[in-house]
Structure formats: structure tokens, C-alpha cells
Amino acid sequence: MSISASQWGSPTASRRALLIHGLTMSSHSWEGIAQSLAAEGFFVVAPNLLGHGWRQGTDYRVSAFAEDLRQYFVMDTSYDVIIAHSFGGPVALSLLPFLPKTKETTIILVDPVLEVAEEKLKTNKNWFLNEMTNVRTTEERMVGNPAWSRRDSVLRTLGVAMCNPTVVGVFQQNTPWSFSGLFKNIPLNVKITVLVSDPKFSDRCYLEHIPRDIERLNARVLTGIGHWIQYERPDAIMDAIPLPRAKL
């Protein structure tokens, strides 16, 4: 295995955060959130997933992505916060059995892709192929996403350019696409918050995909916000993180 990741903050910081990106993205796509976390005293690590950030890969099962990330937990390494976007959501949930048993950990799933019907999976595969074949420029992304900053648009374009076309295998190797059941394995020391995009603007995640009878699991819909919550409402992510606040 090889380490391929971006880092922010001091390695000696008392708090640590792990950020897991989605398909056709890269570790760099977390720049805004990572800078905010570093400013709050976190050491931040964002790995490049298999087939992303110029990495190679052939096994694109969700379990393989999770196994690849186990190297970030060696020598009892733990994280106060784990944030995962889109496809990174199922990967983060697959890491639950590997988390330290006593460390209090907050997991924030940002519009995770948990349940996808077979026909929709074909649509998603075509979306991926189109993204890889017709890479949009930064300017085109800014026009289509006026809420994005130029930095985020550049990093989105970079993520696609750094993605290996073989990642298309993710759509064949994860059928049926059903990961909501992983919520049943939440350890007692872990709390999970799911931020769901407005169904009027995105169809990746729906509130009904998230169980309502499980302790330490909360979910909320962000009205008027699409799939790219980290670009459009980074404050919603930061607000979900337990941070010490100075008394006024």
C-alpha cells in the first residue's frame, strides 16, 4: 500500500480529522473545510481514494476502499472527526469496525450515496463516463455553479483530471448498491450526523435512506442546497463538529 494524501495543520495538534472525498474528486477538494479545521486546531489528513489523485486501482468494491484506508489507523492512530462526502459516505461507514473502541469520534456524512436502484446506477455510470470524457473547464463549472468559489471550481476540475477511467468499475462491482444497513453497526463511542441535500436540487441521498430508530445518529436536510454541500454550505459542516467555544 502507498500513502497518497494532503495534510493541513500541525502533526502535533491535539485533535485530528480525516476527510474522505467522493468519486472523481481528490484530497485537494477538501481545501476549504481543511483550512477551517486547521484554524480550529486540527491536524487534517485527506487521503486520495483508490483510482483517484493519480492512484491506480482494479478492485473498486466499497470494502476495498475501506481496507485501503486502514493504513491511516495504524499504531492506534485515531481521529476526533471523520468527514465523508458522496461515495465517501459508504466508505466511512465501512470503517466503523476498525475505529478505536474508546475514542469519542464524530462522523459527518455529507450527502452520502447510500441506496441506488439498478436503473439509477446505469444513469450514474453514464454520468461518470461523461465527466471523464468531457472534462468541463473551471469557467464552465463556475457558470453552472454560481455558489462555488473559483478555488472550488478549480479543484473540482482537477479532481476529474486526476481520476483514473478504470474507476467506472465501481458501478459494476457494487451491486446491489445498498449501504444503509451499515448504520446498524455504530459503536457506542461514535456519533454520526448526516447532512442531506435538498431533493429539489440533488437525487443522491434522501432522508428515507437513513434509519430513524438508531441512537447516536442524526440527519437533517439543508433546504436550497445541492450535492456539493462542502462548497455551498461549509458552515453547516463546521457547525456539526463539537468545538470548544469561548464564553462571551
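These questions and answers set computed values for a predicted model against the definitions behind them.

Local features need pLDDT of at least 70, side-chain atom pairs count only at pLDDT 80 or more, and totals for chains, interfaces and linings use all residues. Numbering runs from 1 along each chain as its sequence is written, and side-chain values use heavy atoms, with hydrogens and water left out.

Q: Why is Gln-230 called buried?
A: Buried means under 20% relative accessible area, exposed over 50%, partly exposed in between (1.4 Å probe, protein chains only). Gln-230 has 6% relative accessibility, so it counts as buried.

Q: Why is Ile-229 called buried?
A: Its relative accessible area is 0%, so Ile-229 is buried.

Q: Which helix holds Gln-230?
A: Gln-230 is found in H8, residues 229–232. Helices (H or I, at least four residues) and strands (E, at least two) are DSSP runs, numbered from the N terminus.

Q: What makes the pair Gln-230 and His-85 a polar contact?
A: A polar contact is a pair of N or O atoms within 3.5 Å; within protein, one must be able to donate a hydrogen and the other to accept it, and residues adjacent in sequence count only if both atoms are side-chain atoms. The side chains of Gln-230 and His-85 make theirs at 3.3 Å.

Q: Which residues does Ile-229 touch, not counting residues up to four places away in sequence?
A: Contact means heavy atoms within 4.5 Å. On that basis Ile-229 touches Val-110, Asp-111, Leu-195, Val-196, Ser-197, Leu-222, Pro-234 and Ile-237. With the same exclusion, Gln-230 touches Trp-30, Ile-33, His-85, Val-110 and Ile-237.

Q: How do you know that the span of H6 is close to the expected one?
A: The expected span is 1.5 Å times one less than the number of residues. H6 (residues 150–161) has 12 residues, with 16 Å expected. From first C-alpha to last, H6 reaches 17 Å.

Q: Which residues of H6 are buried, and what covers them?
A: Asp-152, Ser-153, Leu-155, Arg-156, Thr-157, Gly-159 and Val-160 are buried. Their cover includes H1, H4, H5 (138–144) and H8.

Q: Which residues of H1 are buried?
A: In H1 (residues 31–39), they are Glu-31, Gly-32, Ile-33, Ala-34 and Leu-37. Gly-41 follows H1, with a positive phi near 95°.
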